[in-house]
Amino acid sequence: MPTPTTFPNDFLWGGALAANQYEGAYGAEGKGLSVQDVMPQGIVGPRTEAPTPDNLKLEGIDFYHRYKEDIALLAEMGFKVFRFSIAWSRIFPKGDETEPNEAGLAFYDRVLDELEKYGIEPLVTISHYETPLHLSREYNGWADRRMIGFFERYARTLFERYGRRVKYWLTFNEINSVLHEPFMSGGINTPKEELSEQDLYQAIHHELVASASATRIAHEVSPDLKVGCMILAIPFYPLTPDPRDVWAAKQAERDNYTFGDVHVRGAYPGYFLRKLRDKGIELDITEDDRRTLAEHTVDFVSFSYYMSSCETATQEREASGGNLMGGVVNPTLEVSQWGWAIDPRGLRTILNDYWDRWGKPLFIVENGLGARDELITGPDGTPTVADDYRIDYMNDHLVQVREAIADGVQVIGYTSWGCIDCVSASTAQMSKRYGFIYVDRNDDGTGTLERYRKQSFGWYRDVIASNGASLKA
Ligand code: BG6
């Protein structure tokens, strides 16, 4: 049989966004504050006591009021799937209430109505860097075991309300990022420099148990629901062939593998237990925790992929830029305007590694190029962006996805990150744009919020319509 060169017929093509980066309406209809509302500069600046007007996430790109127009544009590109997150604090404003906020639930009903109208499959992230602020301040976020119960109630509410309409669910966005960004990712209020490793790893354990518990609840509500974990994927290459560098790269990768290993295999791997022993950490793990992890493993594995990195134990370290984590610079690769190494082949490597390791269907739920775009007047007189650099980036990555599929890897779908320009997670800038759709909003908060199709818009429409046949190898 010849090697297949196309994507499966039911391949889910689409794009992804997160509530805190695009919805806006941060206080509308009973919504509570989230950790994002006090991070006006993302992870690169200080937190504030209360929301400040310079925080672009408060208004986002106003999807809350423009969702019909936005979803119509996604439908025009032929989207089969749309990944979005539900803002936890829209449903449980403080996080520890016993009853949900009906107005918040009703908003997502309206979004789902709109997606259904166009036959777009929803893919919902339950928690995407938007822990209710109250849970962070009162409980220290995931450092506290009581978070498991709050999350279970929230997840059950979503499964019961939307389970008939939403088949694909992700528990925590980039769950491994809590190692590097405990406040944004885990709602842990203790400043990073003061947080003990004991507390950090305990928080990770709570999240992992909560994720397995949510999987249990989803399957109780309906056996048709599919729950996936979501990992920030970065292949780490040894900087040199020195075996010590090879081992250093393996260790860096294992920091990320741990999370998939627990989600897929249902128990902590030996190398992780050794790491805890070496650090003198003893986790509080109950029998019930162990059972939950073992019995409620995920249906599929999803991940974000933007870049790769190198590691070394023998050379001078030149720290690489990167998506919430990084190692040392790979001298063979170009980098984005924000210093992220551009490595399409790394995506094929990750797909093969994850498939070989876990044998679960894989879903690429984020990938894309953050770049400064210039609005120009197109041939028909309407504003556009000549973003050939973005087209090249995505084309080259998708070609590698096709290669991985030919390698035998089962890939369910691909949702590019930030399909409509939104506020950056790490730097809270508008100018770091990923979208096929340009949003007229600037870093200083000015702009009309009008939407314009970039050149990548038509390119992606053709990719979807041809099921990948239009990609250039
Ligand atoms: C991922 C996050 O880490 O990368 C997204 O899940 C984020 O929320 C994306 O937006 C791109 O990162 P940034 O910092 O460029 O927005």
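Helices (DSSP runs of H or I, at least four residues) and strands (DSSP runs of E, at least two residues) are numbered from the N terminus. By this numbering, Asn-140 belongs to the loop between helix H5 (133-139) and helix H6 (146-162). Asn-140 is not a glycine, yet its phi is positive, at about 65°. A second residue with this property is Leu-449, a non-glycine whose phi is near 70°. Leu-449 is placed in the loop between S13 and S14. With a relative accessibility of 7%, Leu-449 counts as buried, where buried means under 20% relative accessible area, exposed over 50%, and partly exposed in between, for a 1.4 Å probe and protein chains only.

The model is a predicted one, in which local features need pLDDT of at least 70 and side-chain atom pairs count only at pLDDT 80 or more, while totals for chains, interfaces and linings use all residues. Residues are numbered from 1 along each chain as its sequence is written, and side-chain values use heavy atoms, with hydrogens and water left out.

The ligand sits in the largest cavity. A cavity here is a set of points, on a 1 Å grid over the protein atoms alone, where a 1.4 Å probe fits but cannot get out, and a molecule sits in it if more than half of its atoms lie within 2 Å of its grid points. Around the ligand there are 14 residues, of which Gln-21, Glu-174, Ala-425, Ser-426 and Tyr-434 come nearest; a residue is counted as near if one of its heavy atoms lies within 4 Å of the molecule.

In Ser-426, a side-chain N or O atom is 2.5 Å from an oxygen atom of the ligand. For Asn-173, the distance between a polar side-chain atom and a ligand oxygen is 2.9 Å. Trp-417 likewise has a side-chain N or O atom 3.2 Å from an oxygen atom of the ligand. On its own the ligand has 370 Å² of accessible area, and the protein covers 99% of it; such areas come from the Shrake-Rupley method with a 1.4 Å probe.

The discussion now turns to charged side chains. A salt bridge is a side-chain nitrogen of Lys or Arg within 4 Å of a carboxyl oxygen of Asp or Glu, and by this rule the count comes to 38. One of these joins Arg-90 to Glu-23, with the closest N and O atoms 2.8 Å apart. This pair links distant parts of the chain, since Arg-90 is in helix H3 (residues 88-91) and Glu-23 is in the loop between helix H1 (19-22) and helix H2 (63-76), 67 residues apart. Both partners lie away from the surface by the definition above: Arg-90 is buried, with a relative accessible area of 1%, and Glu-23 is buried, with a value of 2%.

Another salt bridge connects Asp-421 and Lys-454, at 2.8 Å from N to O. This pair too links distant parts of the chain, with Asp-421 in the loop between strand S12 (411-417) and strand S13 (437-439) and Lys-454 in the loop between strand S14 (451-453) and helix H14 (455-465), 33 residues apart. Asp-421 has a relative accessible area of 0% and is therefore buried. Lys-454 is at 3% and so also counts as buried.

Asp-387 and Arg-390 form a further salt bridge, their closest N and O atoms being 2.9 Å apart, and both residues are buried. Elsewhere, salt bridges link Glu-102, Asp-109, Asp-113, Glu-116, Arg-161 and Arg-165 in a network.

Some helical residues complete the picture. Helix H13 (residues 388-406) contains His-397, and Leu-398 is also found in helix H13. His-397 counts as buried because its relative accessibility is 0%; Leu-398, at 0%, is buried as well. From C-alpha to C-alpha, His-397 is 38 Å from Gly-27, and the two are 370 residues apart in sequence. Leu-398 and Arg-433 are 35 residues apart along the chain, with 19 Å between their C-alpha atoms.

Glu-69, in helix H2, has a relative accessible area of 37% and is therefore partly exposed. Its C-alpha lies 40 Å from that of Ala-143, and 74 residues separate Glu-69 and Ala-143 in sequence.

How values were computed
A polar contact is a pair of N or O atoms within 3.5 Å; within protein, one must be able to donate a hydrogen and the other to accept it, and residues adjacent in sequence count only if both atoms are side-chain atoms. On a 1 Å grid over the protein atoms alone, a cavity is a set of points where a 1.4 Å probe fits but cannot get out, and a pocket is an open set with protein on both sides within 12 Å along at least five of seven lines; lining residues have an atom within 4 Å of a point.
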